[in-house]
Each structure stands twice: as structure tokens, then as C-alpha cells.
Amino acid sequence: MIRKIWTVFAYIIMLSISGIGLGSLALYQLYVKGIPNYQELQEYYPAVTSRVYAGNGVLLAEYAKEKRVFVPISSIPKQIVYAFLSAEDKTFYNHSGVDFPGMLRAVFTNLLNSVQGNERRPIGASTITQQVAKTFFLTSEVALERKIKEIILAFRIEQAYSKDRILELYLNEIYFGLRSNGIAAAALNYFNKSLDELTIAETAYLAALPKGPENYHPIRHARAAKDRRDWVILKMEENGYISHSEAELAVREPLVIRPQQQEQFIDAAYFLAEVRRTAISQFGEKELYEQGLTIKTSLDWHLQQIANQALWNGLVQYDLRHGYRGPITTIVFNQEQDWIKELKKIPTNSDLHDWILAVVLETQEKHAIIGLKNGQKGQIQLDEMKWARLILANGSLSPSPKKTADVLKRGDVIIVEQIVSQEGTNNTTTLPFFRLRQIPKVSGGIIALDPHTGRVLAMTGGWDFNSSQFNRVTQAQRQPGSAFKPFVYMAALDNGYTPATILLDAPILIDQGPGQPKWRPENYSQQYYGPSTMRLGIVKSRNLMTIRLAQAIGMDKIVDYAKKFGINDQLSPVLAMSLGAGETTLIKLTTAYAMIVNGGRQIIPSVIDRVQDRFGRTLYRHDQRSCVSCTPDKPGDMPLIEDNRVQLIAPTTAYQMVSLLEGVVQNGTGVVIKSIGKPLAGKTGTTNDHHDAWFIGFSPDLVVGVYIGYDQPTSLGGREEGGTLAAPIFKNFMEQALQDKPAIPFRIPPGIRFVRIDSKTGKLTNSNNPDAILEVFKAGTEPTPDGQPRILDNNQQNVQPLNNNPVTTDGVDSSDDGLY
């Protein structure tokens, strides 16, 4: 009987166990169906910040959807690992994904809280592996179903990945508060330190945060934050990771937050916009914002600052010459302090730069009292608003103001610039001095390039990027005017002409074809100068000589040069284009000039030097040259770097053009630059009705382009042209860029001869002639003693061939450096 009872009991137990097993299996099958594919972690790399650096390594910008810096486990200090193991999972390296004793303790604690009526959130016993499963694949919902899935995933993750890989995923993914994803970002945002600089106390605080960043906020919940940090420190001591004395010192350390310092960002917004556009076009937006690219740009920090200031100063100086457009607005105030409240309502925009808003409090004959948003008062002397002539209805300007009331009145909200130091007068000497300002309406751009590589060293595309993101360097299609003429002259130099060739400067009538009116072009001066050398034609920017030259060599050749130098791929073959009527951009034209000074070699402008992925692998490099002997066999051997640039024109032609453009600076339309006192060359450009003003110029190793004009084509004014508006900006830039640098002469290629000629007739002469100059010839093209100058008349299409007899008298070989 007893035996039968035991048998039945055994069957019941077996059935129960089978039932539980089958039920568990069924439950497992039910939940396992909805579990994500954990193998995705094999190829998982969290979204990290891409960083953009200047040429000197200074951080320029960061692009990211989440601020995170990925750090491999091998680079994470052991102290950090120990802190997180102590705070989160001390048996991490021993369990198989789930800490069952810890789970039982959590169950018991939660039941006890429930019995006692505590309304605390149920505590968990999740291991680091379970937290990885939850963070990557599940929600934070407190539910049995989610917990079961978490446990199953934890087991699977442990079977698939090493402990170090799991810990690496955890430390780089978890959220620490303060917009910090991952341990590296948290170290920067909380303590402004790298991981290896953290103290024990700081490490312990970061390890305390994953339980609830908001609950342990260092300011709003300072007491709880320190208590939690100290608890982690004691756990580290308890687990043998730190000594008792280290723990005591760490506990006594105050919890002090040192947020990450703002990087010293330079105003390079237009440059960075071009970097971003280029990076997205080459790699995609997702790569830029999530894959942690390291982008090393060509930006020269020093030159960018100079470019900003040179352009801004030039725009301001132009604006001062063209009248005052009135106050921003006018406010009404009665009580003494009401103006502060009213002034604060007016937003301060980024286009003010270092200027500030002010309100006119009172005007006296020779000065005005102004108030600032901070409650400070100041004064503007009449001399600092003499420029503020009012714009009349007919567009003309009123006379200069005789008293401040001619310009300002009480309540005017104006823009002012503080004057650093000035002696005061008129019983207001205790008030700081300011000058009246206004935001320029005219705009423009400036770019600086390395002519040998195409690296963009500086770029400013307007007054203020936030006000207008339109980049006048890369996007503004404008007529270059006379700045295009060098390419007409180079085409001629490559087709039998020399700088001494005589061209006729006289009226000309052009038949433009059936149904088109006759075109009668003129020189800018509206005068005619008769037969003149080709050098004089470019130096003085003579339109009629240029048209005759284009007519003689054929517009098809000029169209080819415009395309070859990247200025305009679809230039119409009509004579007007020889005067710069075809549109181009500042970056294209400046790059074309760079290919003149570099000896006629093709370059491609680039704002990015190199791009690397998060692992340091190079994805892109601008410099594609190969080094033939970068591993020399003998110490002291110089490596030979291949020059793979395409030769567009002969180096001798390029140097002749450089010499002609030097003449523009020494004696022509760019003479304002001459005072710099260093070898410089360039060309001005002004379009019809003075809509656009240009100056493109260079030293042997730096090319700079300047463009000034309105976004909606409008006349700049009758006296505003390339030589008076753009050239001074170029001068301002070059004076600073070349300061303390040696005066390097332009490099003379083999095959160049210097011959003394008469600058007016182009004939050979001697040193006694006051009009004698050393002219630049290609070997074999020099004039002979009995040679006659070539004269191009109105309709002359064929030019007399040059006498190629070698020169023996007054000829100077280019190897004789003493004459240059």
C-alpha cells in the first residue's frame, strides 16, 4: 500500500516537473520569438562625433546627433573599469549574464517593501550584460515580459561576445546626463578631463550616474550625488580596488563640476559651410553626423582672422562713403530708467560683430549721450558721425552734419563701436567714447589659396554668415571685368606675341552680326593713346587694345583658355567676353590666377586635406602625389616627390604673365599695393556701371582674390572700382599676411631672357634711355636691332612673324639673378 502511494506521488512529481518544464519551454518559445537579433552587436559601433580641425590642429567644429567619443576598452583606464564593476556588477567577470543571487536579493527586498507599504520603485539586479541588452534592444519598462527577454538576451550576448567587448559597448553607450553619451563625453562635460586624468572621486561619481543621472545631479541634488559617489568609493575599497587611505582621501574630495570649456572657435563659418557641403557630397550626411570622421582642413587660423578683418574693414569703409540710412528703430521713454527696459526688448544679432546697440538719450551741439543695455552711458562726439550724411530722395547725399541733431534724435536706437582711448571734453569726460556705425548693405568675399597645391587657406564669403549664408566666394556668379584680361594676353603670348608687341589703342567699331547693333567699345578713361606695347595695355587695362588682341588671335583660343583654367566652361566666343563679360566665381578666378604664378600647372581648390574614419584609416587625401624615395637607402638622402600636376601652359608664358601683372602693381591700376614693398602682382576688375569690383593678386607663394558688390546687382558708385575698392582690401590682407616674411622674388623658369627695350616703342635701346625697361622674352623671340615692332591695326588679322635671331647686345639670360 505504501509502495503504491509512493509510486503515485512519484508520478505526480514527475508530471509536475514535466509540466513546469513544458510550461517553461512554451514560455521560452513564446518570448524568444520577439527577441531582436543580438548578433547585430557584432558590427555595432555607436554614433560618435565628427570633428573638423584647422591646419594647425585647432578644433573648428563638431558634427553629431549625439555627443559621443568612442573609446576602445584597451584605452579605458582600469580605475574606471573597477569603479563601474563596484557600482553596477561586481561579479561581472564571473557570471554568465545573470546574477541569480542578486536577483533573489532584489526579489526579497521588493517583497519586503511591498509588505511594509513603501512606495519605492522596485529595485533591479541587472548585470552589465543585462543593461547592454536593455539599452540596445529593449525599453526601460518595468514589466515581467521585458525582464524575461532581457535575461534571455543576456545569456545569448554572453555566449557570443567576450566580457571586454560587452563592457566596451556598455561604457560607450550609456547615458550620463548633461547631454553625455558614453564615458569619454561624460568626463569632458562634467570635469573637462580626459579619462586618464580623472581622480578616484571623479571616476566614482561617473560610475554612480547610470542608476539615474537626474537623481544624482551635482547641483540640483548635490547631497544625494555626493552620498552616491561616496558609496561607490567605499565599494571600490571593499572589493580591493583601492586602499583605505585612497578611499578616505576620495571621500573628503568635494564634488566640483568643471564643465567642458568652449573651444576657441574662430569665425570661419563660410569656410566650414564649404567643408560640410564637401564632406556630405563625398561621404554622406549619415557618415558625417554619426561615424566619427576626423576632418583635417587646409584652414590657416592666422590668415582666416586677417581675411575676416580685411573684408569687414573694406565693407565698412565703402559704407561710410555712401551715407547714413538712419536708426534701426525709435523707442519712446519717459522715466530715466525706462530706456533700459525698452532697449532690452530689441534683439542683438550676430551681424553686429563687436559692435553694440545703444539708444540716444540726448543730443547737444557737439556730442550725443547714449545708453547701453547694461545701463551704462556713453558719448558720441560730432567728429565720429561726420560721415553720416543723409541719403536724399534723389539718391544724393546731404552735406556733412554740423551738429549732432542733424543725424540723431532722442529715442533713436543705433549701432555704436567703443573707442578704446580718447581724451574727453565738454563736461562728459567721465563717459566712455563711441562712434556711430551701421551694418553695410554691400557685400563681398575674400579667399586665400596656396598656388602650388590649391589648398584654401582662408575664406570669408560675406559680412555675417548667420544673416546670409550665401557665399560670395563660391556661389556668386559675377562678371570679372578686366580681371579676365590676363587670359586674353596669355593666349596671345602663346601664339607669337611678346610683351613688346605694339597694339593700336584707337576707336573701333565692331559688327556684331545680322540684326545686332554696331558695338563701339571704349577705354575706361574714354581716351585713346595710339600705338602702345602689349605690356602697357595690361598695366593700364586698355579695353580697345584688348579687343584688338582678341580679334587678332581669335576668340576660339580665348574660349579655350577660359575653359582650360577653369574660369568658364561655356564662354560665348564673342569679343565682349575678352573684357570679362562672362560670369564666373571668385574661387574659380582666384584659382586661375594661382595657375599663372605656379608656372602654369593645374591645381584644384580644396578645403579638406584629409579625412579619416574613427579607426584612423584614411578615406580621402587631397595631395595625391607619390613619394618615389621616402625610405632613403642612405642617411641624408632627400626624398623625391613626384609632381603630377598637369602643365596647362609653358612655364615661360606663365612667367611673362607674372611679369606683366607685376607692372599692374608697380605702375598701373593696382599701384595702391606698391607700398607693401614686396614682390606682388595682380589685376583689377570693374564691370559696366560699376556693379562689381575685383582684385586678384599674388606673391610667389600666396594668391588672394577679393570681390565686392551687391547681391542684387546695383551700381557701387561712379568712383568705386577695383583699384579703389577691392585692391585696398587685398593690400590690407597682404600687409599682415607677409609681415615679418622675407621678400621672395618670383621664380624665373629656364628659357627666359631679359632685354632692354624702349617702353614706348618696344624697340631695343640702351641704359641711357630714360624710357628703358628690362622686358621679359622667351628665348628666341627677342627683338633684333633692325627688327620693326609689330603693329595691329583695326582690321589686321595676320601678324608679321617675329625675327627669331638671338640677341647679343643688352640681352640678359634668366640665370643672371643680379638683374632681377
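Start by selecting I183, which you will find in helix α7 (residues 183-191). As you look around, keep in mind that this is a predicted model.

**Stop 1: around I183**

Is I183 buried or exposed? With a relative accessible area of 1%, I183 is buried, because anything under 20% counts as buried. Now show what surrounds this side chain. Setting aside neighbours within four places in sequence, I183 is in contact with I80, F84, L171, F176, L195 and L206. S194 and I183 are eleven residues apart in sequence, and their C-alpha atoms are 9.7 Å apart in space.

**Stop 2: the whole protein**

Zoom out and switch to a cartoon view. The protein has 820 residues, and 49% of them count as buried. Its fold includes 21 helices and 22 strands. Among contacts with a separation of 6 or more, 69% are between residues 24 or more positions apart.

**Stop 3**

In soluble globular proteins, nonpolar side chains tend to be buried together. To see this here, select I295, F487, F565, Y593, M657, L661 and F698: these have the most contacts inside the largest nonpolar core, which has 88 residues. Which helix gives the largest share of this core? Colour helix α19 (residues 586-597), which supplies nine residues.

Stay with F487 for a moment. Beyond its neighbours within four places in sequence, F487 is in contact with Y561, F565, I567, L589, A592, Y593 and I596. Apart from this core lies another one, of 69 residues; L372, I380, L382 and V413 are among them.

**Stop 4: salt bridges**

Side chains of opposite charge can pair when their charged atoms come close. The structure holds 36 salt bridges, and here are a few to pick out.

- Select R455 and D609. Their closest N and O atoms are 2.8 Å apart. R455 sits in the loop between β10 (443-449) and β11 (456-460), while D609 belongs to strand β14 (residues 608-612), so the pair ties together parts that are 154 residues apart in sequence. R455 is partly exposed at 23% relative accessibility, whereas D609 is buried at 19%.
- Select R472 and D711. In this salt bridge the closest N and O atoms are 2.5 Å apart. R472 is in the loop between β11 and α15 (485-493) and D711 in the loop between β18 (702-709) and α21 (722-737), so parts 239 residues apart in sequence are tied together. R472 is buried, with a relative accessible area of 4%, but D711 is partly exposed, at 32%.
- Select K760 and D771. Their side chains meet in a salt bridge of 3.7 Å, N to O. Both lie in the loop between β19 (752-758) and β20 (772-778), so this pair ties together parts that are eleven residues apart in sequence. K760 is exposed, with a relative accessible area of 55%, and D771 counts as partly exposed at 26%.

Finally, show E384, E417, R435 and R437 together: these four are linked in a network of salt bridges.

**Stop 5: a pocket**

Turn to the second largest pocket, which has a volume of about 840 Å³. Which residues lie nearest its centre? Select S482, Y524, N543, T686 and N688 to find them; the lining of this pocket has 32 residues. Both β16 (681-686) and α21 supply at least two residues of that lining, and β16 gives the most, with three.

**Stop 6: an enclosed space**

How many cavities of 30 Å³ or more does the structure hold? There are two. The largest cavity contains about 50 Å³ of space. To centre your view there, select D267, A269, Y270, N308 and T460, which lie nearest the centre of this cavity among its 13 lining residues. Then colour α11 (269-283), α13 (301-320) and β11, each of which supplies at least two residues of the lining. The most comes from α13, with three residues.

Technical notes: Residues numbered from 1 in each chain as written. Predicted model: local features only at pLDDT ≥ 70, side-chain atom pairs only at ≥ 80, totals over all residues. Heavy atoms only, no water. Core = buried A, V, L, I, M, F, W, Y, C linked by side-chain atoms within 4.5 Å. Buried < 20%, exposed > 50% of the residue type's maximum accessible area, 1.4 Å probe, protein only. Helix = DSSP H or I, 4+ residues; strand = E, 2+ residues; numbered from the N terminus. Contact = heavy atoms within 4.5 Å. 1 Å grid on protein atoms, 1.4 Å probe; cavity = no way out; pocket = protein on both sides within 12 Å on 5 of 7 lines; lining within 4 Å. Points joined across faces, edges and corners; volume = space filled by probe spheres on them.
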